[in-house]
Number of protein chains: 2
Amino acid sequence: MKVFDGNVTSATGFKAAGNAVGLKKVKKDMALITSEVPAVAAGCFTSNIVKAAPVLWDMEHIDNKICGIAVNSGNANACTGEQGLADAKTTAACLAELMGCNEDNVLVCSTGVIGVNLNMDKLLKGVKITYPMLGDDAESGANAAQAIMTTDTYPKTIAVEITLDGKKVTIGGMAKGSGMINPNMATMLCFITTDCAVAKPLLDKALKECVADTFNMITVDGDTSTNDTVLVLANGMAQNAEINTENADYNAFKEALMAVCKDLAVKVVDDGEGATKLMEVHVTGAATVEDARKIASSVTSSNLFKAALFGEDANWGRVLCAMGYSGAEFDPMEVTIVFRSEGGEIKLMDEGTPIVFDEELASKILKEHKIYIDIMLKEGGSEAVGWGCDLTYDYVKINGDYRS
Amino acid sequence: MKVFDGNVTSATGFKAAGNAVGLKKVKKDMALITSEVPAVAAGCFTSNIVKAAPVLWDMEHIDNKICGIAVNSGNANACTGEQGLADAKTTAACLAELMGCNEDNVLVCSTGVIGVNLNMDKLLKGVKITYPMLGDDAESGANAAQAIMTTDTYPKTIAVEITLDGKKVTIGGMAKGSGMINPNMATMLCFITTDCAVAKPLLDKALKECVADTFNMITVDGDTSTNDTVLVLANGMAQNAEINTENADYNAFKEALMAVCKDLAVKVVDDGEGATKLMEVHVTGAATVEDARKIASSVTSSNLFKAALFGEDANWGRVLCAMGYSGAEFDPMEVTIVFRSEGGEIKLMDEGTPIVFDEELASKILKEHKIYIDIMLKEGGSEAVGWGCDLTYDYVKINGDYRS
């Protein structure tokens, strides 16, 4: 697998564009992605029962072949009532007309302020003026990655290349992360395009499995947004033999898709609102994968531990505490906890017994940007990895700011 | 019911003391509570499966008649392995010896740094020098309330008086709230004493029901500590006819206990780490009480909304979002949301439709210290109230500080 600096235009047959159409004050706020031929699509959507209008639209149309996706930032079209649903449909119809396809073959995504209806004049005009800018070059994809940003401090893209059935297969993606200064939701959007030929049920399965280990294992603040969406389009233009069983090609494809999802998911956390530290929590020896995931997520979500991380405080007691209320079963008397980074490695609890540790070494380890927390249980052979960030003054500042 | 400025010494037959014995640098760190005659006891303990040693001790002995409670702050005796369990027992034995009772009739509580063994020399000496200071006056009770504080900015006490069976019955309590600067856990401890004659099963039932509506409906940061404990001692010295069925006396007693629990619970949140605002979330029209509680707790726990509250931002979308991931079932299109305070009242969403609102009025409402969030559903007739606080720079500062 070759990993390279690509994006949603890296795979054959995909075009993208990013443009500033006035939904935000100055910055780019409109992205389009199109496929030369209708693509098989798969999606994962927020578990929040308050779903934004575009999420409802996409859930209804994800089983269709997809020609294009229209994405706007600046307004999430969430909590917008019946009007919001109509606006999502109108947006899809607008791009569909330009492409000469049916609106049912177009997906839409929005991110930004919630509870305010879209400015449809600007939005539809925006789709029309952005459409001619579509290109299959890297810069067009990079523009799209910029246009979906909200409080992100940098655009998030990646691509990988593998060989399947003697054919070059590419998977590229872009994501936006958590938060909007002005104002509202922590929304995660991710778009992945591939020229792989893969049957719908296998694409669904691969995406679901990849998301479970990546996007579902990250947290910035524990707030599950109304808009979270991960979409994959697979247009088959690599001309590999279509993957329609869980064969070796499927496994290679899934591994490549996992690499793309993991790269983008970790970038989202690393660029979490106000974050200064990235934590990677490894749980091993759990009774079940579910238990391992619960423990990792509970630690990455603990405000107390996140604040300690910001303070570079080796407060391992907060790790054990968060494990204890995770809902997973384990014997606290058998827990081992290790903190490590490029600055070194230190054991803080050894099979239930606290260790008197070298504060100087702990401090050196915690000065680094990326901190690994290793949690070893003795309940079984299951494991999981989760990613999180610290809780900082800037998180409070970003999210405490007035909407206007 | 008469509410007055009392504490754990208000009820007949209870003594208390608070003292500085050197577990903290300067402040009071040791509290004792004793009953003239062995008391019926009930307790509610943390749901965290990582339970501190004193919690395990108390859970094992709560069904015994209780003569006294020894409480220390400065060290939580949590995550302290086998030594911690032995230390809890030794502490109980020390107070028991002074009182001339069995160690099995003494409870212990600890709050403070975790993962460090107690300094038992100081602690046992502390129990011995504090014991002679026990008094049944209000000042002795006030000293005890100070001695259990950690990051609390003020001691939390209350008492109520009712008449049962022609006898004056008093319930008094004290609580400590969330967090330790130096360092670790957000621990909630509450001690309630009453001279009511009440049978053990009824005391258990009343406490359980009161805690469900009060202490279990507050949150500061969502971190469930290893040490959370609510204890009630009822020594029967009011000489009312013992409550042993759910009669009118039971209801009157429960109402009074509820008032004490609610007062102390709300004080804990109001004095939450770094908090500048108190929010009270009322959910009505839910399908079940469980759903109503889930929704209220999800809103009070949302970092995004807590930060918005700190910023005095009428970000009702974050309320709806938090409701959506609460796990409760409801139709978002039927939700009404109102914010109110002494500054006024404003409707932000009306049966699923966002309202264009007066930003000036919203700002005036949110400038107040106590903010009410009314959430009206159309799923049924169940309701719940929850309390929370805002997420502030000071929360991050308090919890990001180094342990030393």
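How many bridges join strand 11 of chain A to strand 15 of chain A, and in which direction do the two run? There are 7 bridges between strand 11 (residues 278-286) and strand 15 (residues 370-376) of chain A, and these strands run parallel. One place to look along this pairing is A:Thr284, which stands opposite A:Met376 in strand 15 of chain A. Please keep in mind as you browse that this is a predicted model.

**The sheet in each chain**

Zooming out in chain A, you will find an open sheet of 7 strands with mixed pairing, in the order 9-16-11-15-12-13-14. Its edge strands are strand 9 (218-219) and strand 14 (353-354) of chain A, each of which pairs on one side only.

Chain B also has an open sheet of 7 strands with mixed pairing, and its order reads 9-16-11-15-12-13-14. Strand 9 (218-219) and strand 14 of chain B stand at the edges with a single partner strand each, so one side of each has no neighbour in the sheet. Within this sheet, 7 bridges link strand 11 (residues 278-286) of chain B to strand 15 (residues 370-376) of chain B, again in parallel. Here B:Met279 has B:Ile371, in strand 15 of chain B, as its bridge partner.

**Helices packed around the sheet**

Helix 7 (residues 289-301) of chain A lies across strand 9, strand 11, strand 15 and strand 16 (382-389) of chain A, at about 20° to strand 16 of chain A. Helix 7 of chain A spans 18 Å from its first C-alpha to its last, close to the 18 Å expected at 1.5 Å a residue. In chain B, helix 7 (residues 289-301) lies across strand 9, strand 11, strand 15 and strand 16 (382-389) of chain B, running at about 20° to strand 16 of chain B.

Among the buried residues of helix 7 of chain A are A:Asp291, A:Arg293 and A:Lys294.

**A loop residue**

A:Val116 sits in the loop between strand 5 (106-113) and helix 3 (120-130) of chain A. Is A:Val116 buried or exposed? A:Val116 is buried, because 21 other C-beta atoms lie within 10 Å and 20 or more count as buried. From A:Val116 to A:Leu134 the separation is 18 residues in sequence and 29 Å in space, C-alpha to C-alpha.

**Where the chains meet**

Chain B superposes on chain A by a rotation of 180° with 0.0 Å of shift along the axis (RMSD 0.0 Å). The two copies are therefore related as by a two-fold rotation axis. Of the residues of chain B, B:Tyr393 comes closest to this axis, its C-alpha lying at 2.7 Å.

In this pair, 51 residues of chain B are in contact with 51 residues of chain A. On the side of chain B that touches chain A, helix 8 (303-310), helix 9 (316-324), strand 14 (353-354) and helix 11 (393-400) of chain B each supply at least two residues. Helix 9 of chain B gives the largest share, 8 residues. By type, the residues on this side of chain B divide into 24 nonpolar, 21 polar and 6 charged. The copies meet through the same surface, because 100% of the interface residues of chain B are also interface residues in chain A.

Definitions and conventions. Residues numbered from 1 in each chain as written. Chains lettered and ligands numbered in written order. Predicted model: local features only at pLDDT ≥ 70, side-chain atom pairs only at ≥ 80, totals over all residues. Least-squares fit on C-alpha atoms with pLDDT ≥ 70 in both. Contact = placed C-beta atoms within 7 Å. Pairing = 2+ DSSP bridges. Helix = DSSP H or I, 4+ residues; strand = E, 2+ residues; numbered from the N terminus. Axes fitted to C-alpha atoms, helices over the stretch in contact; angles between N-to-C directions. Nonpolar A, V, L, I, M, F, W, Y, C, P; charged D, E, K, R; others polar. Expected span 1.5 Å × (residues − 1). Buried ≥ 20, exposed ≤ 12 C-beta atoms within 10 Å, placed from the backbone.
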